Amino acid sequence: GQTFTNSQIIISGTANDSGSLSSGLAFISINTGDLNMGTSANWHFTVNLKPGPNTLVVSATDYAQNIGKAQIVVTRAPYVAAWGDNSAGETNVPFDITNAVAIAGGGYFSSALREDGTVRIWGNDDFGETNVPQNLSNVVAIADGLQHVLALKSDGAVTAWGNGSFGQTNILLGLTNVVAISAGVYHSLALKSDGTVVAWGSYAATNVPSHLSNVVAICAGYWDSMVLKSDGTVIAWGDNYWGQDNVPLGLSNVVAIAAADKYSLALKSDGTVVAWGAGSINSGSDPNYGQSIIPNGLTNVVAIAAGGYDSIALKADGTVAIWGYNGNGETNVPTGLTNVMAIAGGEVHILALTGSGSSNTPKVLINPSFFINRFKVSVPTTRGRNYILEYKTALQDARWTPLPPLPGDGTVKVLD
């Protein structure tokens, strides 16, 4: 049940054969690994760990073919967990995805942003979704649409690839100073550092309301768009057949937003979730799978995400709650999944990014927002610990500048 950050560990122990029907140990093995011989073996194995949980079984066999076994589970973290539909391999997380810092889910494909600013994509490639542009680097954010991908670079420029038949990959000429991105079915959104929003692609979702300003977060739904303003209010536009743009009257103190197929979610500063649009009932048929019915007692939520018809909530204790469509096991959170730092929803699959498990590392950093050269992030805190936000003005800078420490008290704190 231990967690490691390194890719290789040494496991050792002692095996003895005291039975009267044999003349000692024939061999000791770990899964299908190397063998050790002897009547009393002090054995050790070097084991290469794949990201995530690894089940290790040590077997000792004597000359009479009696077998003794011991099993342990060790986890290599951080790692990306994925579950749900796997018809295009979208939940087959590649072995080489280590040090991921962000994840995204699209239509039957998945993406991960590595700590070094590179991107890895796996799953469906009908429109070149997994063909990451050559030499793409210094990426700080990714977003997956139904069939296209967006990447935000540290210089504020945006790169796009995949299906561009509706113009969703046609980056607008002169688009700069971007601080956040979001991808829908056939449209794309970008948030600029001055709090304004730019949209391109197809459908009414790209008709940004005139004079829209002071935006701190954006979300591209299927055929609609939604933004969070600096005053904690929400504005939505585009397709509204199922009421997904009908923001509840009086909704305020919102810190995060999410949207998928015909419904919308909002996370409030008190850790509760609000939903509207399709899924207010669970008829078991498209599009009403109960994804807008908030589970009783759901509190202490620090991040939200939306899949096709699934709502996903990350709690302050690093656990995940999911409700809605379960035709492919989307709501079946893997047993033992904890220490989650980030969540994402694809068309019919779910992704989670776990932390290292170190007590010296914050478990969750959520709801980052930018507004006119101001950065803000929410952190679930533990009483008795101090939290410090450090920043640097350029990705390539070696030096980080710390802000004054903030004492933890068991609540979600905002550092800016």
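The following questions and answers walk through a predicted model of one protein chain.

Trainee: How many helices and how many strands are there in the chain?
Mentor: The chain has 416 residues, and buried residues make up 49% of them. Among the contacts with a separation of 6 or more, residues 24 or more positions apart account for 48%. As for the elements themselves, the count in the chain is zero helices and 37 strands.

Trainee: Over which residues is the pLDDT below 50, although the stretch has 22 contacts in the model beyond near neighbours in sequence?
Mentor: For the chain as a whole the mean pLDDT is 84, and 81% of the residues reach 70 or more. The stretch you ask about, with its 22 contacts and a pLDDT below 50, covers residues 34-39.

Trainee: Where else does the pLDDT stay under 50?
Mentor: Where pLDDT is low, the predicted coordinates should not be read in detail. That caution applies to a stretch for which the model has 31 contacts beyond four places in sequence, namely residues 357-367.

Trainee: Which residue in E10 does Ile103 stand opposite?
Mentor: E9 and E10 run antiparallel, and five bridges join them. Across this pairing, the residue in E10 that stands opposite Ile103 is Ala112.

Trainee: Is Ser111 buried or exposed, and what is its relative accessible area?
Mentor: Ser111 lies in strand E10, which spans residues 109-114. Beyond four places in sequence, the residues in contact with Ser111 include Ala102, Ile103, Arg120 and Trp122. Since buried means under 20% relative accessible area, Ser111 counts as buried, with a value of 0%.

Trainee: Which residue has a side chain joined to that of Ser111 by a polar contact of 2.8 Å?
Mentor: Ile142 and Asp144 are both among the residues in contact with Ser111 once its neighbours within four places in sequence are left aside. The polar contact of 2.8 Å runs from side chain to side chain, and the partner of Ser111 in it is Asp144.

Trainee: Which residue in E27 is the bridge partner of Ile304?
Mentor: Strand E26, residues 301-306, is mostly covered, with six of its six residues buried. A hairpin joins E26 to E27 through three residues, and five bridges join E26 to strand E27 (residues 310-315) in an antiparallel run. In E27, the bridge partner of Ile304 is Ala313.

Trainee: Which residue has its backbone oxygen 3.3 Å from a polar atom of the side chain of Trp237?
Mentor: Trp237 is placed in strand E20, residues 234-238, and counts as buried because its relative accessibility is 7%. Among the residues in contact with Trp237 are Thr206, Asn207 and Val208, and the backbone oxygen that lies 3.3 Å from the side-chain polar atom belongs to Asn207.

Terms used:
Residues are numbered from 1 along each chain as its sequence is written. This is a predicted model: local features need pLDDT of at least 70, side-chain atom pairs count only at pLDDT 80 or more; totals for chains, interfaces and linings use all residues. Side-chain values use heavy atoms; hydrogens and water are left out. Helices (H or I, at least four residues) and strands (E, at least two) are DSSP runs, numbered from the N terminus. Buried means under 20% relative accessible area, exposed over 50%, partly exposed in between (1.4 Å probe, protein chains only). A polar contact is a pair of N or O atoms within 3.5 Å; within protein, one must be able to donate a hydrogen and the other to accept it, and residues adjacent in sequence count only if both atoms are side-chain atoms. Contact means heavy atoms within 4.5 Å. Two strands pair if DSSP finds at least two bridges between them. pLDDT is the predictor's confidence in each residue, from 0 to 100.
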